Amino acid sequence: MAENASERKTLNPLIILLGILVLAGAMSYFVESGRYERNGRLVVPGSYQVLDKEPQVAHLFRATAGDAEQAYPVSITELLMSIPLGLERGAGLIFMVLIIGGMFGILTKGGAVDAGLERLLSLVKGNIYVLVIALMLVFSAGSTFLGLASEYLLVIPLMVAMAQRLGMAPIIGFAIVTVSVKVGYLSSVSNPLPLTIAQPLVGLQIFSGAGFRFACYLVFLLIGIGFMLWVIRRQAKGEQVELVLNHSRLSWRHSLMLVVLMASIGFLVYASNTWHWKHEALSAYYIGISLLLAVISGLGANGAADAFVSGMKKVLLASFLIGVASAVAVTLEQGQILDSVVHSLVGLIGEGSPTVAASGMFMAQLLLDFLIPSTSGQAAVSMPIMGPIGQLSGVSGQTTVLAFLFGNGITNMLTPTSGTLLAYLATANVGWAQWARFVLPLWAIFIVTALVLLGVAVQIGF
């Protein structure tokens, strides 16, 4: 009964996202519309202009789009249309997640996942603490040095299965990957995705300042590992699990399937960085791997197809959420209020002391990330504005970039508008509300740590 009551109290993430979408539409009626001039994707500082807008209730029922030269609040029709437009915008990521779900359906049905985990746990003698430390070090290093994120979608189902094999909740396996990735992105020692955009915009050499960011990475990594070990230890106290491990060797089918999976992950890291693969190329790659695994699995054509469809079903709802999250950005753009929010956040920072200004930049980036969860997108919009504010406030370019990295990385740990986070949740079959409750203590610790590290950066003249 208690479990059923708990399930009734948990809000479906679709309701949460639809609520955010409605709020975004309502904001177009009471937030002024405005825009910055842009040089390509980049915002021109000081170019913000307020647009004329008449926020009348009658606009709620407007059936056609207004004049492109004038701002209009979002109508009910436009709000509904934003969902299919968001699905279209996020189609690449949505289909990629569905295909990955199908691929792991084949791996699971073929028995390779269970057999591989059994062998892995046997090698470390069931010591989850050693395994977690090693895995988090590897995953976070891939993110902070190479910018890996979507590449880990392949790994998440394996980590979830590992946690379940150890008698723990699936969210533990999910968190091992997700916390590691966010730790890596927080400091981005040589992560090309944010640094190649953010640093040149404030006049810095790309990848400069890596020494201090590496120190920050170690701090966040130690905190992240400590948090995960504490959670695992606390769960283990409540429920002792006797592990009976199978020490037998893997069958040739299972071995070959796992070798193909590991080799495909390795080649994916190389290919995505060398040829800059987008969602379409990645999806085609996953389809090819799925076909190869289906041949090796011995399930037969019908069995493999059924397993693929079954795997897709598990991530179908969460894949739809990615499109709804994109609809929020569509709505803010239609109401022309995104630039207004950016302008207001910049106004709150002011030109006070360098430490206060750096903290203000960090808090502004935290809030801005809910509207622009894309790391590269947020860099392109915010850095041309934050750079001059930092100069006026005595904040160096390196610290300005650090404030952006901290704000973007921390908010992306739980923002429901992040397509990548929703894709992670989809592949793990974990609800957003469940994840938010789990990670909230670590999120708060990271915020305090980020403020302290920004203060140190200002004091040492980073």
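How many salt bridges does the count come to in this predicted model? The count comes to one salt bridge.

**View 1. The salt bridge between Glu333 and Arg89.** The closest N and O atoms of Glu333 and Arg89 are 3.0 Å apart. Glu333 belongs to helix 14 (residues 316-334) and Arg89 to helix 3 (residues 76-89), so the contact ties together parts that lie 244 residues apart in sequence.

**View 2. Accessibility of Glu333 and Arg89.** Glu333 has a relative accessible area of 40% and is partly exposed. Arg89 has a relative accessibility of 48% and also counts as partly exposed.

**View 3. The largest cavity and its lining residues.** One cavity of 30 Å³ or more is counted in the model. The volume of the largest cavity is about 30 Å³. Its lining consists of Val342, Leu345, Val346, Ala364, Leu368, Ser382, Ile385 and Met386.

**View 4. Helices around the largest cavity.** At least two residues of the lining come from each of helix 15 (338-349), helix 16 (354-371) and helix 17 (375-393).

**View 5. Residue classes in the lining of the largest cavity.** Seven of the lining residues are nonpolar and one is polar. No charged residue takes part in the lining.

Methods. Residues numbered from 1 in each chain as written. Predicted model: local features only at pLDDT ≥ 70, side-chain atom pairs only at ≥ 80, totals over all residues. Heavy atoms only, no water. 1 Å grid on protein atoms, 1.4 Å probe; cavity = no way out; pocket = protein on both sides within 12 Å on 5 of 7 lines; lining within 4 Å. Points joined across faces, edges and corners; volume = space filled by probe spheres on them. Helix = DSSP H or I, 4+ residues; strand = E, 2+ residues; numbered from the N terminus. Nonpolar A, V, L, I, M, F, W, Y, C, P; charged D, E, K, R; others polar. Salt bridge = Lys/Arg side-chain N within 4 Å of Asp/Glu carboxyl O. Buried < 20%, exposed > 50% of the residue type's maximum accessible area, 1.4 Å probe, protein only.
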